[in-house]
Amino acid sequence: MDICSLTIRQAKEALDRKEFSAIELVEACLENSTKYDGILKALLTVDVDGARQEASAADRLRAQGVSKPLLGIPFVLKDLYTTKGLRTTAGSKIIDNYTPPFDATVVVRLKNAGAVILGKANQDAWGHGSSGENSDYFPTKNPYDTSRVPGGSSSGSAVAVASGMCLAATGTDTGSSVRLPASFCNLVGIKPTYGRVSRYGIIAMASSFDTIGHMTKTIWDNALVYEITAGKDPLDASSVDRSVPRYTQALGKAISGVKIGLPKEYFSSKGIDSSVFTATKDAIKELEALGAMFVEVSLPHTDVAMACYYILVPAEISSNLARFDGVRYGHGREVFGEEAKRRIMIGAHVLSSGYYDAYYKRAAKVRTLIKNDFEEAFQRVDVILTPSSPTPPFKIGEKTQDPLAMYLSDIFMCPVNIAGAPALSVPCGFVNGLPLGLQLMGPQFREELLYQVAYAYEREAPWYKTRPDLKKIEKTHE
Amino acid sequence: MNNNYTTIIGLEIHVELKTLSKMFCACKNDPFFAGKPNIYTCPVCLGLPGALPVPNRKAIDWTIKLGLALGCEIPLVSKFDRKHYFYPDLPKGYQVSQYDMPFCKNGFLEVENTMNQTSYNRMVRIRRVHLEEDTGKLLHAVIEGKKRTLVDFNRSGVPLVEIVTEPDIRSGSEATAFLKKIHRIIRYLCISDADMEKGSMRIEPSISMCRKSDATSKSRPGLDYMIPAYRVEIKNINSFRFVRKAIDYEIKRQRELLYRGETPEQETRGWNEGKGITVSQRSKEEAADYRYFPEPDIPPLRWQQSTIKTIQSTIPELPDAKKKRFMETYDLSDYDAEILVETSQLADYFEECTRAAQKLMPDTGNQDIKQYQEINPKSLANWIINRKINFEEILPARLVTQIVQTKKTSSIDKGELEKIVAQVLVANSKAVEDYKKGKEQALMFLVGQGMRTSKGKISPESLKKLIADSIIRRKEQE
C-alpha cells in the first residue's frame, strides 16, 4: 500500500501504532516524487537530506514519548514561503538563486509542530495565475489528466498532495490560489480570514489580499493544520489578536438548521459548465438531507468584483515587486516574466498621479461595497455556497492566449478575497474523471462553521477517496 | 539696491529619533557609531522578500510629543503610506512615510530676530510633522582600481521625523534663528541628538524671490508677495554654520539672475562647502511621481484624546516658557536668561544653585546676612555665565560655597586686610623665619592664625596668597 495515500489522521494513528516510521513515510513520499515529478513537475526544490534528518528526529522524539500535532508528517511548501537555508524562488527566475536567512512564521510553526519539510512547490511566478502555466520554470500537470492544468497559483502544492509526494501542502490565496488548485485536484483547500494567519516571511503579492492557506485530502486534516498555522504574530502588524479555536473539535456537529445562501448573481452566470451545475445541485441535495436550509441571497456588486480586484491587486503587486532591483539578491528586473510585467505596468498606472483617483481610489471604495454585500448576506445566512470553478480543469494552453479569460476563471472566488472573508473548497464530484469542487464562504473568523458544514458533506460524499491513476503516468512515459 | 523682491524661505528638517531600535524592526538604532557597515540589519530593514514592518510605538509617541511642543493639531486618525522610487539605498523600492494624513499639522514657532539693530518677531507656521523611515547610506570608493558605490544599511529603517514649515521665513538670519530654536526644543524633549555633523539633523531650505505685491496684485489675500514662479531646494548642508552661508549665497545668486531679467530655474541645488557655492543637481520641473498609496501592512492608527493628553503631560517646561519664568522669578535680564536656557541641563543647574544658595541662608544672626545676600539668583547667573562654569564638573552646593568664600574676602576692605596680615606676621616671627627658610608648613600655620584673627571672614586661599606675598615683599625690602 502506498502509505502516502493515507490522510494525516490515519498516518498519525499508524505512526503511533508503529506500523511504520516517519523515515519510511518520508522515503515513500520522496519515492513518489522521483516516480512522478518528471512528468507532473510539481516541485522546484527537494531537500532530501533535510527531510531525512527531520524524519529521524521525529522518530526519536516519538520513541521518547514526545507528542506533537504533526510529528513526522511530510509537507511541501509553496515556493513563496521563505525557508531558512533552502532555496526560495517564488516560481520566478529573478530569484532562482536566493537562499533566505530566515524562516517564515508559518514555517516555524509547522516545524515546531513536528512537520517534516520535503521541499518547495512549483507555482505561477509570484502568485500571478490561476493555472500553473505562468511558472517561469515549467507548467505543472494535473495528475488526474496530465493534458490539463492543476489550477493555480499554488499548482505544485496541490499536485504534490494529490500524487502522494506529501500529506499536506501550503499555499497562498490572494484571489483563488489555494481553492482553485484544491478544486482541480480533488483536495480540501482553505482560504483563511485575512489577518488570521501570519504573512511574515511569505513573499508578498497583494498585501491587503494575501492569505496563507493550505491543502489536504480531508477536512479533518485541514482543520488540524489550521490549528497550527493560525494566530497573532508580533512580526505581522496586520495579523489579528484573536484566540484560535480548536477547529478539529467543530467537526461532527450536526448541521440541521444551518442556513446556506445561494448568491443569485453567481448561479445566473452564463459561463457555468453544465457538469458543474449538476454536481453542485447534487451537493445541495446532500446538504438538504442533512438538515441544511437553502436561501437565495444577493451579492449585488458581483459584476464589478473582477474589475475592482484587477485594479487593486496589480497596484499592490507593482509596489511589492519594487524591491527586486538586483542589488541585494536576485537578477535584474528584465528577467520578470510576461504576466509579472503586465501586472506591474497596470499597477503603476492605476497609482500614478492623475489616475489614482479614477482607478485606485474608486476601486478601494467599491471594495467596501463588496465587503458590505457579504456582511449583509451573512445577516441572513450562516454560510454561502457556490461552485468553486465555473468549469472543470481546462486544457493546458486553452486560456494562455487571452489573459482576460484566465482572469475570469477566478470569478467565483476572488470576491471573497476582496471582502477579507474566509472560504473553503471541498471535493464534490467528477466529470469524465476530472475533479470538481464546492466552495463555502463564511463570515470573518467563522472558519469553524465552514469546516463543520464541509465535514458533514464529506462524510456523506467522500470524494477524496478517489485517487488519481498514477500508473497511467508511469506507464505512458516510461 | 533694488528692493522690489521679497525673499521667501521654507524649511524642511529631518531629525533622527534616538529610540533604542529602528522604526519598523528590532534592529539597534545607532547608525553613526556602528563601527562596521551592515551590522545592524535584519530581513525587515534589508527589504528581504516576505519581511513586514511593525511600527515602533515610542517613535510615534515622540513624534506626537514634538508636534505638541510645536503647537500642532494631532488628528485622531493617521496612517502610513508608501512612497515609491528606485535608488540603491532604498531596499524595498519604496519608503514607508506619511502622505496626506500626517501625525501632526498646523503648528507654529515664533522667532526673535534682529535686523538693522531693530528686534522683531517672526511667526513661522509649521505645516506638518510626520514620521518615516531613513534610507541606507551610499559610500563611493575605489576598489581594485574601479570606481564603486557601496551601500551600508545600518541607517536603513531608522525613525526619521520630518518637519515642514510654510514659506514664512524671510532671511538667512531668520532661518538660523528658527533652526536654533527648533534644535533647542528637540534637545529639551530628549528625542534626538539633532547633530548635523552626525547626520541626526538635516536641513533643506527652499528659497524663492518674489516681487513685492502692489494693490492690483495676483497674490492670495493676506500674502505680502506674489506667488513665486519657481522654487529652489538646497541640499547637502552638513553643518549649522553653513546654513546661513548657503542661504545667503543662494539669495544673492537668485537676485542677480532676476535683475538680469531671467527667472531662476526650478531645481534642486547642492551646497558645495569647499567652494561656498550652490551647484545645480537636478531639475525639479517634472517632480517625481511617487505613486503614494496607503501602506497595507500597517493598519491605520486611531488615537484616544486621553492618550494625546498623557503624551502632552510628558513634555517638560520648554525653553521659551522657562526663559520667561527665569526673567520674572529671578529678575534676570533677557540676555542672561537666554544663555541659561540654552540647554535644559544648564537651566536645571542654575535652579539647583539658587536652591543651594537658599539653604545656606542662616537661621539666626545677621552678621553674615549681607554676604549671603550677595548670592542672589541674579549674581549667581552672572557668576555662572561670566566665569563659564562647567556644570558637569562642580555640584551646585559646592559652587555656591565657593562663591560665598570668594565674596567673603571681598567684603573686607583692603585696609583691614593689610592690618590683619601685618598683625599675624608680627605675632609669629618664628613662623615667618621658618617659611623664609622654605618650610611650607609654617605658611599654613600663619594662615590658620590669620583665619582666627579675622574670625573666618577671609578665605584660606586668599589669606595664603596675601601672607606669602607680604613676606616676599618684606624680604625684598630688607
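The model is a predicted one. Its largest nonpolar core has 251 residues, and in chain A 11 strands form an open sheet with mixed pairing. Helix α7 of chain A is largely enclosed by the rest of the structure, because 11 of its 11 residues are buried.

**Nonpolar cores**

- Within the largest core, which counts 251 residues, those with the most contacts inside it are Leu70(A), Trp126(A) and Phe374(A), together with Phe80(B) and Phe178(B).
- The element that gives the most to this core is helix α10 of chain A, spanning residues 305-320, with 10 residues.
- Once neighbours within four places in sequence are left aside, Phe374(A) is in contact with Tyr266(A), Leu299(A), Ile384(A), Pro415(A), Val416(A), Ala419(A) and Met441(A).

- Read across the open sheet, the 11 strands of chain A follow the order β1-β3-β2-β4-β6-β5-β10-β11-β9-β7-β8.
- At the edges are β1 (43-46) and β8 (293-297) of chain A, each of which pairs on one side only, and the twist from one strand to the next averages 30 degrees.
- Strand β7 of chain A, residues 259-263, runs parallel to β8(A) and is joined to it by five bridges; in this pair, Lys259(A) stands opposite Met293(A) of β8(A).
- Helix α2 of chain A, residues 22-40, packs on the sheet and touches β1, β2 (74-78) and β3 (116-121) of that chain, and the direction of the helix makes about 20 degrees with that of β3(A).

**Helix α7 of chain A**

- The N-terminal end of α7(A) is capped by Thr218(A), a side-chain oxygen of which lies 3.3 Å from the backbone nitrogen of Asp221(A).
- After α7(A) comes Gly231(A), whose phi is positive, near 130 degrees.

**Gln449 of chain B**

- Gln449(B) is found in helix α13 of chain B, which covers residues 440-453.
- Because its relative accessibility is 18%, and buried means under 20%, Gln449(B) counts as buried.
- Not counting residues up to four places away in sequence, Gln449(B) touches Val424(B) and Asn428(B).

Terms used
Residues are numbered from 1 along each chain as its sequence is written. Chains are lettered from A and ligands numbered from 1 in the order in which they are written. This is a predicted model: local features need pLDDT of at least 70, side-chain atom pairs count only at pLDDT 80 or more; totals for chains, interfaces and linings use all residues. Side-chain values use heavy atoms; hydrogens and water are left out. A nonpolar core is a set of buried Ala, Val, Leu, Ile, Met, Phe, Trp, Tyr and Cys residues joined through side-chain atoms within 4.5 Å. Buried means under 20% relative accessible area, exposed over 50%, partly exposed in between (1.4 Å probe, protein chains only). Helices (H or I, at least four residues) and strands (E, at least two) are DSSP runs, numbered from the N terminus. Contact means heavy atoms within 4.5 Å. Two strands pair if DSSP finds at least two bridges between them. Axes are lines fitted to C-alpha atoms, for helices over the stretch in contact, and angles run from 0 to 180 degrees between N-to-C directions. A polar contact is a pair of N or O atoms within 3.5 Å; within protein, one must be able to donate a hydrogen and the other to accept it, and residues adjacent in sequence count only if both atoms are side-chain atoms.
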